[in-house]
Amino acid sequence: MTQAPSYFIEKDGLVYAGTSLLIDLWDAHGLDDLELMRRTLLDGVERCGATLRAIDLHQFAPPGGIAGAAMLVQSHISVHTWPENGYGAFDAFMCGAADPYRLIPVLRDAFTPERVQVFECRRGVRL
C-alpha cells in the first residue's frame, strides 16, 4: 500500500503541520462587496500556490458584512468582515509548499487598508 504524502514542513530546525496567519485589516474598503471578496480569495489561493476545494461566502443584511471560507487541499482561508468599522479578519492556514504570506499583498491591493496586523502561529510543531 502506498503511503500518502506528508504535507508537514521542515523549516528553521522545526517540523510542523503548517503556518496559520491571522491577518487583520483596519480602515479597509470594499469589505461588503461579495464579488470582490470572491475574486480576492480566488486570487489569493492561486498566489499562495494552494489548491481550491470549495468556496462558501455569506453576506449579512446591511451594512453587509461577509463571512465564509475557501477550503483548500492545504487547509483554508476564512474571512469575517465588519464594513461599518472598516475591519476585516482573515485566517490563512496552509501546509506543504503553500505560502500564506503571499495572501497579504493580495488583500492589501483589494481592500486598501490603512493598517494591517499579522500574527503567525506554526501549527503542529513536533517537539
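The radius of gyration is taken here over C-alpha atoms, and the globule rule against which it is compared is 2.2 Å times the number of residues to the power 0.38. For the 127 residues of the protein chain, this rule places a compact globule near 14 Å, and the chain agrees with it because its own radius of gyration is 15 Å. The structure is a predicted model, in which local features need pLDDT of at least 70 and side-chain atom pairs count only at pLDDT 80 or more, whereas totals for chains, interfaces and linings use all residues. Residues are numbered from 1 along each chain as its sequence is written, and side-chain values use heavy atoms, with hydrogens and water left out.

Along its principal axes, the C-alpha trace of the protein chain spans about 50 × 30 × 20 Å. The chain contains two helices and eight strands, where helices (H or I, at least four residues) and strands (E, at least two) are DSSP runs numbered from the N terminus. Read from the N terminus on, these elements follow the order β-β-β-α-β-β-β-β-α-β. Among contacts (heavy atoms within 4.5 Å) between residues at least 6 apart in sequence, 60% join residues at least 24 apart.

Of the 127 residues, 42% count as buried, a term that means under 20% relative accessible area, with exposed meaning over 50% and partly exposed lying in between (1.4 Å probe, protein chains only). The accessible surface, computed by the Shrake-Rupley method with a 1.4 Å probe, comes to about 7,200 Å², of which 52% belongs to carbon and sulfur atoms. The chain carries 11 positive and 16 negative side chains, and the centres of the two sets lie 7 Å apart. In this count Lys and Arg are positive and Asp and Glu negative, while His and the chain ends are not counted; each charge is placed at NZ of Lys, CZ of Arg, CG of Asp or CD of Glu.

Thr-19 is found in strand E3, which covers residues 18–26, and counts as buried because its relative accessibility is 9%. When residues up to four places away in sequence are not counted, Thr-19 touches Ala-92, Phe-93, Met-94, Pro-100, Tyr-101, Glu-120 and Cys-121.

A disulfide is defined as a pair of cysteine sulfur atoms within 2.5 Å, and by this rule the count comes to zero. The sulfur of Cys-48 is too far for a bond because the closest cysteine sulfur, in Cys-95, is 12 Å away.
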